[in-house]
Amino acid sequence: MKKKLPVGIENFAEFAEQDFYYVDKTGFIIELLHNWGKVNLFTRPRRFGKSLNMSMLKAFFEIGCDRPLFDGLKITRETELCEAYMGKFPVISITLKGVDGSSFQAARESLRFVIGTEARRFAFLAESEKLTKEQRMSYRALTGVNMDGNYSMSDAALEYSLLTLSSLLEQHYGRKTMIFIDEYDVPLEKAFQGGFYEEMLTVIRKLFDNALKTNDSLQFAVLTGCLRVSKESIFTGLNNPNVMTITDEYFSDSFGFTEQEVKALLEYYGLEDALETVREWYDGYQFGSSALYCPWDVIKYVQALRKNAKAVPENYWANTSGNRMVRRFLEKAQAQTKQEIERLISGESIVKPLNQELTYEELDKSIENLWSVLFTTGYLTARRRVDENRFELAIPNKEIRNLFISQIQEWFQENAREDHSKLDKFCKAFPEAKADMIQELLDEYLWNAISIRDTAVREERKENFYHGLLLGLLQYEGSWRIKSNIESGEGYSDLLIETPDRIGIVIELKYAGNQNLEGQCTEALKQIEQNFYEARLVEDGMDRILKYGIAFYKKRCKVMLG
């Protein structure tokens, strides 16, 4: 019986208790204990195993550690480290990924809930004989609930909550406390999107200042996040935090799957033949000197393959908030940036200066800052470091390239539909047989669009982008019946349109890789005739049939009427 796939499992204890397949990352503990600072911050894109690693740290260090959880793993070979640290410390472990709300009040209540819930794990503090009456009252201030069932800790208690809790734990156990905070920057990201950034920034800054700067009960702290938020905005006065970003050599393979780990996973499930596909879709990330795959994608695709050996790779990684970042980037793109995006999608790389220490308020001030955010959030990766702060950037893999393409198509269509008169004129030109007008307006749309010229795909795949672009424009005409890639005659026509006036329109598209636009239009019209693509339109009772061959090359097109 094979081990279960750990799809969405972030609790380290479940791997041993429920027999999940585990890619051994306990080397992270070894490296941390050899290189730790008082406060350690790791920035990595989402879906790269940050939460699981934080759960692993808690399971290893916390008093009452279940030692069999680590049987057979790398860390157990380090006997001295295990003796000195394993199961020896009180641990506060929270994740801020769920701290969200439509208002500052709601988000602050969510933060109270997260910290209050963690505090209630230590219910013994309420009766601990090692604490004074005042200290026990301090504990109850963190865990009490009001009539609405919400945590009733005051604003002041919230700001001092992690400091208070760590102090009480040290008093009870006689050992300094470790603090682990997962996804520390999510409350600020959500607050920025919700319009209450300054209020949330003040709360988080005070919470962290108290817990990480002026805390004599702190052994050390580990934080993870997506962005390295400027220390001037959140870590005010904190001396020399130990920051490990995706460009640093330390801990480079602690998050994400290496090639060797992916090969072992595929071999275990008898899926060795899928390696090239997995590499094409989900590899390509560079953290320090380590080449890495996205773990979430690999596991999800292996799950799909175990259910269906012919499963097609999908975009598993993308999330709504991340897509908003890509959309913001596209909205700000001027002509030069659009050209750079085109180069990236075609498989080329570009060189850009990167700022890995930003405040959320700075994100929109410069397109250069948005390049930095796309890099730190995993939409771009670094092929090499050019100099101190300039990097050669590229799209890591097919999954992210497809995500860019889909976002570009959506963005283009939304922008195009804002000019109703132009779009109305464009659509009406088709039943009016005005090929020259169609070509003129389509050329304008292409000039303002971001063209897709992915050199890594076949000619027919390059047509897909233009197909989607044209389909999106024509769908503006709500009274038309539009059929895409539908069987008609002796083949599949790109687009068939039926208008209320019983005019049928056949459109065949070609990508003119040889730059012979007219020749490709002629070829498209010949294909329509030879395959009788108009058959379905005649069958549906169209009185008049118009046939268009349209060829594209980069930002140029040719339209011919048959």
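**Ground rules.** I am working on a predicted model, where local features need pLDDT of at least 70, side-chain atom pairs count only at pLDDT 80 or more, and totals for chains, interfaces and linings use all residues. Residues are numbered from 1 along each chain as its sequence is written, and side-chain values use heavy atoms, with hydrogens and water left out.

I looked up strands β14 (residues 544-553) and β15 (residues 556-561). Strands here are DSSP runs of E, at least two residues, and helices are runs of H or I, at least four, numbered from the N terminus. The two strands run antiparallel and are joined by 6 bridges; pairing takes at least two bridges found by DSSP. I find Y548 opposite L561 in β15. The hairpin leaves 2 residues between β14 and β15, and K554 in the turn has a positive phi of about 50°.

**S161.** I place S161 in helix α8 (residues 161-173). S161 is buried, at 0% relative accessible area. Buried means under 20%, exposed over 50%, partly exposed in between (1.4 Å probe, protein chains only). Beyond neighbours within four places in sequence, S161 is in contact with I115, L142 and L207. Contact means heavy atoms within 4.5 Å.

**Cysteines.** I searched the whole structure and found 0 disulfides, a disulfide being a pair of cysteine sulfur atoms within 2.5 Å. C427 is in no disulfide either; the nearest cysteine sulfur, that of C557, is 15 Å away. I note C427 as buried, at 0%.
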